[in-house]
Amino acid sequence: MTHNKIIFQSLILILLCAVNANAQQVLTLESAVKIALENNYEIKIATNNLTIQKTNVAIGNAGMLPTVTANVVDNNSIQNSSQIRQDGTETELDNAKNNSLNYGVGLNWTIFDGLRMFARMDQLKELQKLGEAQLKLTVITRISDVNAAYYDLVQQQQQLAALDTTIVISNQRLTLAQNRFTIGKASKLEVLNAQVDLNTDQVALLRQKELYANSKILLNQLLARDVATDFKVIDVLKVDSLLSLPELKALAEKQNPQLEAQIINKRVAELELKQIKAARYPTVRVNTAYNFSESQSSLGFLAQSQSRGLNYGFNASLNLFDGFAQNRNEKIAKIQIENSKLNIDQQNLAVNSQLATSYQTYLTNLELIALEEKNELIAKQNLNITLDKFRIGTITTLEFRTAQLNYVNAKVRYSNAQFQGKLSEIALRELAGNLIF
């Protein structure tokens, strides 16, 4: 009867946990990533920066189009004037009014600047590619954070399940101890020890629930949504055990956004040198304008005059000597190109180094996962045998508690090994630039 009562209580606890779990929305990793891509503030800022780069890619911004301006100048004056002509006659007029009005439209167009405008256009396109690489880096970094935070919740949820299990076992132990005390087969000390261990397990469960709740808040923050949003994650954590270091290196050379950004920076530096060299060639500009002019004068030979017409022309200029500034600017630009090459080599070495160390950690974690899985199975078998022996009173309370803690610790270590293995997988995919999102 007592054994059936324990089973019934365990079933009630499991059902209550299941009802509570079903009341929460299950958030898949795919859904979390989608929400992050839509809401994350850093991704939005990087997207806006890319939009700015795209907007800048325009022939007008490169200086290929003419500028057209409209001008209006209206001058008025009131003066006291006197004039003495060559024949000796003198004319005076107070409050003499004079007016001059000029207006028109003018066009200026640089038709040749040593091909600088074309180099500038190519540079604007490269800067757009740089913005795309920076957006990709931001997206991969934030999605990596979401993956890590999500699987941390999976791990903590597994640990909550392990602690729930130990609470059930501790309740069974307390009930058995109370029954044995009632019939005189155990001392009051055994009951008290069972109660103390149950309380200890409940404290550990509360601490784990607090950590789990705070981790939910962190994930909600990464998803840029209400931090009070409640949800439940999946309860399975699988690690891809088939990653290959040579394949990861090959992908990193093509897709790593940091390495890609350094390559683009080199191209930008080369185009900057091309623009500087353009100053060695002449600059030719054409201009034209259509102007209207009108003037009125109260005193003078002409009381009123008007004119209108088309003006046009061109000008050409060539820098002959600028204090060796041209040579100095070209030399600096060449050094910048050399620095960009060094940055590529440095970034390439850093990526390969990080891949190598992360892959070694990944292999170690795979071995730990296999080992901890075996340890959990052994600990579970040991607990089952110990529980049967405890029911019939052939082992001490201390031996039972040791077996119970060993099982819980084995489950926690197995869950943690899986989590660490998943973090290694995420880090490798992030370096290779193929983190799925």
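What follows is a set of questions and answers about labels and the values behind them.

Guide: This is a predicted model, in which local features need pLDDT of at least 70, side-chain atom pairs count only at pLDDT 80 or more, and totals for chains, interfaces and linings use all residues. Residues are numbered from 1 along each chain as its sequence is written, and side-chain values use heavy atoms, with hydrogens and water left out.

Visitor: Where is Gln123 placed?

Guide: Gln123 is in helix 4, residues 116-182. Helices (H or I, at least four residues) and strands (E, at least two) are DSSP runs, numbered from the N terminus.

Visitor: What makes Gln123 count as buried or exposed?

Guide: Buried means under 20% relative accessible area, exposed over 50%, and partly exposed in between, with a 1.4 Å probe and protein chains only. Gln123 has a relative accessible area of 4%, so Gln123 is buried.

Visitor: Which residues is Gln123 in contact with, leaving aside its neighbours within four places in sequence?

Guide: They are Val268, Leu271, Glu272 and Gln275, where contact means heavy atoms within 4.5 Å. With Val268 there is also an approach at 3.4 Å, from the side chain of Gln123 to the backbone oxygen.

Visitor: Why is the meeting of Arg142 and Glu42 called a salt bridge?

Guide: The term requires a side-chain nitrogen of Lys or Arg within 4 Å of a carboxyl oxygen of Asp or Glu. The side chains of Arg142 and Glu42 meet at 2.6 Å, N to O, so the pair is a salt bridge. Arg142 in helix 4 and Glu42 in helix 3 (residues 41-56) are 100 residues apart, and the pair links distant parts of the chain. Arg142 counts as buried because its relative accessibility is 14%, whereas Glu42, at 44%, counts as partly exposed.

Visitor: How many salt bridges does a search of the whole structure find?

Guide: The search finds 18. One of them joins Arg429 and Asp240 at 2.8 Å, N to O. Arg429 lies in helix 9 (residues 397-432) and Asp240 in the loop between helix 5 (188-222) and helix 6 (245-255), 189 residues apart. Arg429 is buried at 15%, and Asp240 is partly exposed at 25%.

Visitor: What does the pair of Glu376 and Lys411 tie together?

Guide: Glu376 forms a salt bridge with Lys411, the closest N and O atoms being 3.1 Å apart. Glu376 lies in helix 8 (residues 325-391) and Lys411 in helix 9, so parts 35 residues apart in sequence are tied together. Glu376, at 15% relative accessibility, counts as buried.

Visitor: Why are helix 4 and helix 8 called roughly parallel?

Guide: Angles under 35 degrees count as roughly parallel, over 145 as roughly antiparallel, 65 to 115 as roughly perpendicular and the rest as oblique. Helix 4 and helix 8 pack at about 15°, with their axes 11 Å apart, and are therefore roughly parallel. Residues that meet there include Ile169 and Leu176 in helix 4, and Leu383 and Phe390 in helix 8.

Visitor: What makes helix 2 oblique to helix 4?

Guide: The axes of helix 2 (residues 29-39) and helix 4 come within 10 Å and cross at roughly 140°. Axes are lines fitted to C-alpha atoms, for helices over the stretch in contact, and angles run from 0 to 180 degrees between N-to-C directions. That angle makes helix 2 oblique to helix 4.

How values were computed
A polar contact is a pair of N or O atoms within 3.5 Å; within protein, one must be able to donate a hydrogen and the other to accept it, and residues adjacent in sequence count only if both atoms are side-chain atoms.
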